[in-house]
Amino acid sequence: MFLKNRALEPELGALTAAMLGVLTDRGPDSAGFAIYGAGEPGAVKLTLRGDVDFAELGAVLEVAATVHDDHAVIVVPRAREAAVRGLIAAKYPGVAIVASGARMELFKGVGLPDDVSRRFGLAGMSGSHAIGHTRMATESAVTTAGAHPFSTGPDQCLVHNGSLSNHNDVRRRLMRENISFETQNDTEVAAGFLSWKLRSERLDEALTSALGELDGFYTFVVGTESGFGVLRDPVACKPAVMAETDDYVAFGSEYRALVDLPGISKAHLFEPEPAKVYFWERPARERAA
Amino acid sequence: MSVALKLPPRDGVTFDLATDSLRSLNSTLAALAPETNQTAWQILNPRGQHAVAVGVTVPVAITIAGHVGYYCAGMNDGAAITIAGNAGPGVAENMMSGTVHVKGDASQAAGATAHGGMLIIDGNASARCGISMKGIDIIVQGSVGHMSAFMAQSGNLVILGDAGEALGDSLYEARIFVRGKVASLGADCEEKPMNEADRTILAALLDKAGIVADAGAFKLFGSARTLYHFHVDNAGAY
């Protein structure tokens with residue numbers, strides 16, 4: 001869900017939560033979402049996950065911590081990011097840093113989508129865009145780490161419907177490029193591939209590269225700090241429906257996910273074409289600080 | 001047109017999926033006797049639900065007011081079903097007879113495996129339109145996606161717009177009429193000379209669908225029939 005109209009930003013979380021709930025029957029085992037809210041100049045947000053007292057962690061690290069169930073978001077001055085990451089690794093071995101970025105926060109867990117949304121308080125969150133996913137696992141275990149979205153770069157996330165056949169080969173290549181992976185999941189490899197490409201390419205260029213190098217079937221939705229992109233493989237087995245109005249661009253695996261969005265009856269409804277890169281970005285001057 | 005036809009349909013029934021379940025709709029339609037007087041149905045608030053009005057076996061008219069999800073009007077046998085919106089994957093799949101009219105766009109595999117009847121799509125159809133069709137007539141006023149009429153066995157696929165890649169791949173004896181551009185032909189599909197009999201068939205299909213178009217503006221594609229039989233020169237490939 002990508003908002004063009006900033007007046008809708010306070011409703012972003014509620015709109016996204018409703019979309020996820022509708023698609024429970026497509027993916028009931030786990031769910032997750034990334035949401036791009038406000039950032040603080042000169043600071044980076046780290047989303048942490050683990051079974052610890054995050055308030056105590058925040059006090060020890062001298063950072064502000066906002067707790068969401070077994071996740072917490074800490075806001076760290078850029079100058080201290082490396083030091084804080086080092087302290088977390090040293091003092092809190094059970095805590096994973098699941099995402100980082102100027103604006104992105106990322107939450108995921110095992111369970112029904114509505115329960116996952118409720119645990120993290122998605123309905124109350126605001127922001128410019130959000131990407132959610134409900135998972136029915138096929139290729140790897142049902143775990144929190146295996147839920148989507150995957151993030152392998154700052155403010156970058158990816159969700160995937162489908163499966164990749166050359167992920168082991170691509171993972172080995174990416175590891176030589178210093179992209180690190182936490183799971184054996186194929187989708188994480190797609191995220192890593194795009195993070196690698198985004199080091200030197202724009203989002204549309206990176207997605208075009210993915211067409212040539214990722215083998216398998218997929219519909220990807222990718223989030224960046226400024227926008228989001230959609231890519232379907234050339235055979236397009238996996239469904240996708242989009243709705244665009246003056247106020248937003250919304251993506252769903254099927255129309256049911258979009259049916260309660262505001263102004264949907266007047267939206268331009270379309271299926272993204274196979275092997276065609278779509279992306280929407282907010283102009284730099286309009287991006288939230 | 002007589003005055004009587006303009007009157008509201010006798011014994012018209014409205015079914016609201018916002019308040020009544022899909023299962024009760026489909027079981028109500030399934031329980032209709034062939035001689036039912038409830039011949040006009042209006043279905044409200046489909047909201048993208050799957051399998052709306054599937055398996056109808058009586059000649060009633062059903063209008064669905066909105067977008068539907070997967071497999072709408074599947075297995076239709078005799079009903080005239082109109083979707084006043086877009087249809088999800090597999091609309092009218094395995095239809096036996098009757099008509100299905102999509103006023104908007106249709107997703108993938110429209111009319112898949114259908115044995116008979118007519119499917120009319122006013123907008124575009126996505127990939128694999130008419131895959132494995134077995135006798136249905138499909139009229140698409142817009143364009144179709146890739147791999148349309150894949151392994152199509154019989155019937156007619158009429159495309160007023162363009163066709164995507166690999167049209168008619170592994171085609172049997174279905175006819176494909178295209179007025180616009182064809183991105184590429186699939187294996188064993190070729191353009192055929194269009195004779196008077198073909199033009200008569202096409203004109204009758206357009207007329208039945210209520211579409212005014214010049215049958216002479218279409219090209220005909222069919223099977224080259226080179227994949228029908230095992231060819232001994234290919235033995236090494238197996």
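Here are some questions and answers about a predicted model with chains A and B.

In this predicted model, local features need pLDDT of at least 70 and side-chain atom pairs count only at pLDDT 80 or more, while totals for chains, interfaces and linings use all residues. Residues are numbered from 1 along each chain as its sequence is written, and chains are lettered from A and ligands numbered from 1 in the order in which they are written.

Colleague: Which residues of chain B have a pLDDT below 50?

Modeller: pLDDT is the predictor's confidence in each residue, from 0 to 100. Chain B has a mean pLDDT of 94, with 95% of its residues at 70 or more. The stretch below 50, which has one contact in the model beyond near neighbours in sequence, is residues 1–8 of chain B.

Colleague: How many residues does chain B bring to the contact with chain A?

Modeller: Two residues are in contact if their C-beta atoms, placed from the backbone, lie within 7 Å. Chain A gives nine residues to the contact, and the number from chain B is 11.

Colleague: Is B:Thr113 buried or exposed?

Modeller: This residue lies in the loop between strand E5 (97–102) and strand E6 (118–121) of chain B. Helices (H or I, at least four residues) and strands (E, at least two) are DSSP runs, numbered from the N terminus. Phi of B:Thr113 is near 60°, a positive value in a residue other than glycine. Because 22 other C-beta atoms lie within 10 Å, B:Thr113 is buried.

Colleague: Where does A:Ala275 lie?

Modeller: Phi of A:Ala275 is also positive, near 55°, in a residue other than glycine. With 15 other C-beta atoms within 10 Å, A:Ala275 is partly exposed. Its place is the loop between strand E15 (268–270) and strand E16 (278–281) of chain A.

Colleague: Which residue is the bridge partner of B:Ile120?

Modeller: Four bridges join E6(B) to strand E7 (residues 134–140) of chain B, and the two run parallel. In E7(B), the partner of B:Ile120 is B:Ile139.

Colleague: What angle does helix H2 of chain A make with E4(A)?

Modeller: The open sheet of four strands in chain A has the order E4-E5-E3-E6, with antiparallel pairing. Helix H2 (residues 54–61) packs on this sheet and touches E3, E4 and strand E5 (71–77) of chain A. Axes are lines fitted to C-alpha atoms, for helices over the stretch in contact, and angles run from 0 to 180 degrees between N-to-C directions. The direction of H2 makes with that of E4(A) an angle of about 165°.

Methods
Buried ≥ 20, exposed ≤ 12 C-beta atoms within 10 Å, placed from the backbone. Pairing = 2+ DSSP bridges.
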